[in-house]
Amino acid sequence: MKFPIYLDYHATTPMDPEVFRTMAPYFTEIFGNAASRNHEYGWKAEAALENARTQVAQILSAVDKEIIFTSGATESNNLALRGVAEMYRDKGRHIITSNIEHKAILDTCHYLETQGFQITYLPVDNFGMVSVQAVREAIRPDTILVSIMFANNEIGTINPIAEIGKVCKEKGVLFHTDAVQAVGKVEIDVEKMGIDLLSLSGHKIYGPKGVGALYVRRRSPRVRLAPLIHGGGHERGMRSGTLNVPGIVGLGKACEMASRLLLEESTRLRAQRDRMWKAIQAELDEVYLNGHPTERLPNNLNVSFAFVEGESLMMGMKELAVSSGSACTSASLEPSYVLKNIGVGEDLAHTSIRFSMGRFTTDEELDFAIKKVVSTVKKLRDLSPLYEMVKEGIDLKSIAWTGHH
Amino acid sequence: MAYTNKVIDHFENPRNVGSFDKKASDVGTGLVGAPECGDVMKLQIQVDEKSGVITDAKFKTFGCGSAIASSSLATEWVKGKTLEQAMAIKNTEIVEELSLPPIKIHCSVLAEDAIKAAIGDYLEKKKGEAK
C-alpha cells in the first residue's frame, strides 16, 4: 500500500495512465494549432479536438457542436452565469440558485448582484436537496436562469435534476447545472433532463487539470452566451483563445473511459462506501451521516464523529488523505457553509470528515482506512472532555460555554 | 497545516491526559471554550494545600492539534509551580514554545484561560471552605 491512502477523490483525481498516454503525443509531435487551417499540423490538431468534442458530448447525450472547451469548471460556471446574464439582461435580471452551490457559482452570483441582478439562493432540506416545488415558486417573470448543482461536492447529495429541468422548460427559463461531481458517477442525459447548460471538469474524472467544458444547448432553445474572453472567435465565439489540444484530448479520453466504466465503477464504489459506513457504525457510537442516505454519489461518505474535532482527527490519521468541514482546516476559520445550510450544528460541523473513494481505491486500502478511523476516533474521544461529560450523563447544552470566536 | 515537531509530539504523546475528581477539595477545574467554536479544554490542578504548590495536573481537550498541544504543554508547565507562578503563565510563551502560526494563537489563549479558570475554581473552593 502507498501512504497516505488517497480518499479525497472529490478534491481531484490522479490522471488515468491511459489518459496520460493518449495525451502524450499532443505535447510534442502533434503540436499544431487547431486553428491553422492550411496545413497538416493544424488539421491533425483539429481532428483530435473534434474527436474529443464527440467523446465529451457522448457522456452527456449531447451533440458535439454543443461542447465549449474551457480552462475548467470554474470558468465554465462563470461563463454560464455571466454569459447568460449579460446576453439576456434585457429580458430579466433574476437568477435562482441554491445556498450549497460551489463557490464558483456562489461568488459569481455575488458578483452579478453588484451588476444589478437579483439572486434567489434557495435553501435546501436537511439532506442537502433542492425542492422542485421551491424552484417552481421562485421563478418570476423576470427570471432568466436557474442554476442548481447536479451533486454536492461535500455531502454528495444528488438533486432531482430531471424534475427541475422540466419545471424550467414549462416556465421557459434556462437551466444550468454544475455537474462536476456527477459526471462519470451517475447517468446524465441533457435531453431527457432538460438541461440547457452544464459544467464539467477534467481533473475530477481522471483527466488533466486546467481543462473543462461547458455544454451549451443549440436547439429548443438555442442558448446564446456573451463571452468572458474576447479574441480569435474560437469555440463559436463563446471562448476565444488557442485551444489546449493535449488537455482537451485528455478530457475527451477521460469522458470516454468514464462512460465505459460508469456502471462497473459506481457499483464497486457504492459497495466500498457502504462497507466503510457500516463498519464505522458498528465500531463507534455518536456518528452521524451528513447528506442524503440514498440519493447520493456512490463514492461519497461524509460523517460527523461527535466530540472529536476534525482537524485533530485528520492529524491523528495522517496515513489517510481526506478532508474536513471543520473550521480549523479552512483559512477562514468558518466551518463548512454546506453543513451549516443543511442544518448541521456548528458543534457537529467541526467534527465532520469527508471520505471520497475512486477508481484506484482498493479493498485493502479501505480495510486499513476503516481500522485507522476507528482507532483514532477512540483515542481522541479518550482525550475529549465532551465525550467524557456525555458519558457521565451531562447535557452539553446545559453548560454555559465561554466561546472565544 | 504544517505543524512543528513539538506540536506533533504533544499531539501524538499528550502529557497528563485524564481527570481528577472535580469535587475533591484540593482540585481546581477549568473548563473553557465552546463546542460550537471547535475547541473545549478541561484543565485540572491538584494543589498541596499547605504550600500552595500545584503537585499534579490533568487535561482533556476537544480541538485541533494545536489546542491539544497547548493544553498538554500547559499541564507540564503548571506542575511544581505555586498558584501565583502558574497564574503568570502567558499565552505568548505557549505560542513561542510551540511555534504556533498566527491562525492558531487562539489555542494558546484558551490554554492560558484554562489555567486561570482552574486556579480560580480552586480558590473559590477554598473561600467556600473558609466560610
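1. **Strands and sheets.** Two strands count as paired if DSSP finds at least two bridges between them. Helices (H or I, at least four residues) and strands (E, at least two) are DSSP runs, numbered from the N terminus. This is a predicted model, in which local features need pLDDT of at least 70 and side-chain atom pairs count only at pLDDT 80 or more, while totals for chains, interfaces and linings use all residues. Residues are numbered from 1 along each chain as its sequence is written, chains are lettered from A and ligands numbered from 1 in the order in which they are written, and side-chain values use heavy atoms, with hydrogens and water left out.

2. **An open sheet in chain A.** Four strands of chain A form an open sheet in the order β9-β10-β13-β12, with antiparallel pairing. Which strands stand at the edges? They are β9 (287-289) and β12 (323-324) of chain A. Each has a single partner strand, so one side of each is left without a neighbour in the sheet. Look at β9(A) and β10(A) (residues 300-305): three bridges join these antiparallel strands. A:Val287 stands opposite A:Phe305 in β10(A). Strands of a sheet pair through backbone hydrogen bonds, either parallel or antiparallel.

3. **A covered strand.** Strand β5 (residues 143-147) and β6 (residues 174-178) of chain A run parallel and are joined by three bridges. A:Ser147 stands opposite A:His176 in β6(A). Five of the five residues of β6(A) are buried. Buried means under 20% relative accessible area, exposed means over 50%, and partly exposed lies in between (1.4 Å probe, protein chains only). In a regular strand the side chains alternate between the two faces of the sheet. On β6(A), one side holds A:Leu174, A:His176 and A:Asp178, the other A:Phe175 and A:Thr177, and both faces are covered.

4. A salt bridge is a side-chain nitrogen of Lys or Arg within 4 Å of a carboxyl oxygen of Asp or Glu. The structure holds 38 of them over all chains. One joins A:Glu256 and A:Arg260, with the closest N and O atoms 2.8 Å apart. The two residues are separated by about one helical turn, because they are four residues apart in helix α7 (residues 245-283) of chain A. A:Glu256 counts as partly exposed at 23% relative accessibility. A:Arg260 is also partly exposed, at 47%.

5. **Salt bridges between distant parts.** A:Glu265 and A:Arg359 meet in a salt bridge (2.8 Å, N to O). A:Glu265 is in helix α7 of chain A, while A:Arg359 is in the loop between β13 (352-356) and α11, 94 residues apart. Are these two residues buried or exposed? Both are buried. Another salt bridge joins A:Lys391 and A:Asp285, again with closest N and O atoms 2.8 Å apart. A:Lys391 lies in helix α12 of chain A and A:Asp285 in the loop between α7 and β9, so the pair ties together parts 106 residues apart in sequence. A:Asp285 is partly exposed at 29% relative accessibility. Elsewhere, salt bridges that share partners join A:Glu18, A:Lys253, A:Glu256 and A:Arg260 into one network.

6. A contact means heavy atoms within 4.5 Å. A:Thr376 lies in helix α11 of chain A. A:Thr376 is buried, with a relative accessible area of 4%. Not counting residues up to four places away in sequence, A:Thr376 touches A:Leu313, A:Gly316 and A:Met317. In chain B, B:Ser108 lies in helix α5 (residues 105-130). B:Ser108 counts as buried at 0% relative accessibility. The side chains of B:Ser108 and B:Asn91 make a polar contact (3.0 Å). A polar contact is a pair of N or O atoms within 3.5 Å; within protein, one must be able to donate a hydrogen and the other to accept it, and residues adjacent in sequence count only if both atoms are side-chain atoms.

7. **Where the chains meet.** The contact takes 32 residues from chain A and 33 residues from chain B. The area buried between the chains is about 2,700 Å², of which carbon and sulfur atoms give 66%. Buried area is the accessible area (1.4 Å probe) that two parts lose on being put together, summed over both. The rule finds five salt bridges across this interface. One of them joins the side chains of A:Glu388 and B:Lys60 (3.2 Å, N to O).
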